[in-house]
Amino acid sequence: MSVITLQLGQCGNQIGGQLFQTFMDDILTKPSQTQVPPDKNETYKDEVLSRFFYKDQMKEGLPEARAVMVDMEPKVIAQICCDAKKSGQWVYPAKQQLCQQKGSGNNWAHGYCIHGQGQEVKVMEMVQREAEKCDNLSGFLSLMSVAGGTGSGVGAYITECIKDEFPHAFLLNQVVLPYSMGEVIVQNYNAVLTLSHLYRNADALIVMENDHIQKICSQLLDLKKISFRDINNVITHKLASVLQPVCVDKYPGYSCQNTLGELMEHLVPHSDYKLLTVKNIPQMSEAAMTFSSYQWHGLLKHLRQMLIADAAMEEGINWQVKLGDETPRGSSRHNRSLANFLVLRGKDAGSVDTSMFADPTLYAPWVPSGACLLTGAQPRLFSNYEKSASLVSNSRTPVQTLDRIVDKAWSMFSSRAYVHQYVKHGLAEEDFLDSFVTLEQVIASYNNL
């Protein structure tokens, strides 16, 4: 079940390059036979390669990433293609890159109305070529940020085109939300317009927040000077820990079953709720890893409290938040979920008791008990952690940040600040209003969980 990755804009292309390298580093790590028998390890490697890479059996050469790369400036794509080739392990396919000489100027309308519509034919031709190389297309993974112009504007437009051209393929968008202190002055406009358009077309959105990732780099990984590469490494670690093959039947036959379709079917049972977040544990520097030892019960206890207290990382969790806690207003303080997908990787992963995540109090009262939790396990170690756990959650987690973005964008829009820069590229004020209405409905739906 192959997945085609769409790398959109500078952020999307940088994340994509590191994600494919993470996939390749994982399968080239040879586990001991006490972890995984050789035949099962080969099955795992074959599944990863067929899912994310293409290899022409009639020709010699390195595996090619199943990817389409789009950016309005050529520098980033050229560098990422060069880095992949230098690895000697994989490459990007030839002629599957689209670059221009001028970017979108951090203007969503310029990316959506000008570059997106102008380059639609070329981009969709590349997507079609990549799709024709798949024996069984599972769906699309789009990587993008929402703050700038190309990734957000072109990304939103291409998402609509993908949905029109491949209506039966699953479409998962991974989006990066900007720093709350600001990256560009119109980032909240761009975020509102992007998220509202994606919500109408994508099957699900995995939301990553730069503020949270920055804290993980600083406090858990002990990085002093944090670069974009450090930020992207945390993002790709989260994505790969979920997207790499696992078995939902505790791996008696090692059949890999976490395809995009199966994930979407479980995590997004209702089209009004499409926001997903990823929490994972442990996260630490290589130096700290040598002196650390974990037990499954302790890991899952911390991960569960991260979910309940809505914590982005295991450090600084508020243990005072309990299931069923009530605020003076009568609303539940704890984070409530619609569905969760728990992924366990490493030693004895198949024998772990995960019942603590099936507690019905964690979920909205109308969710059937059998539809709450899906668990996947894989005996192979991931990223050198003897035991690691990741949780993909459809919950209230992103709503507070989303609410803040909408409020800031509305404050600017009420005085029509910078609106003329969008209108001149073909966007109408009614488009802003439609986007506000869409996201306000999303926020209301999640607050009512």
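**Exercise 1.** Which β-α-β unit do E4, helix H3 and E5 make?

*Solution.* The model is predicted: local features need pLDDT of at least 70, side-chain atom pairs count only at pLDDT 80 or more, and totals for chains, interfaces and linings use all residues. Residues are numbered from 1 along each chain as its sequence is written.

Step 1. Take the elements: helices (H or I, at least four residues) and strands (E, at least two) are DSSP runs, numbered from the N terminus.

Step 2. E4 and strand E5 (residues 97–99) run parallel over three bridges; pairing needs at least two DSSP bridges. Met-69 stands opposite Gln-97 in E5.

Step 3. With H3 (residues 74–87), E4 and E5 make a right-handed unit. Right-handed means that, with the strands pointing away from the viewer, the path from the first strand over the helix to the second runs clockwise.

**Exercise 2.** Which residue classes make up the lining of the largest pocket?

*Solution.* Step 1. Count 15 nonpolar (Ala, Val, Leu, Ile, Met, Phe, Trp, Tyr, Cys and Pro), nine charged (Asp, Glu, Lys and Arg) and 16 polar (the others, Gly among them).

Step 1. Find the main contributor: H8 gives the most, with eight residues.

Methods
Heavy atoms only, no water.
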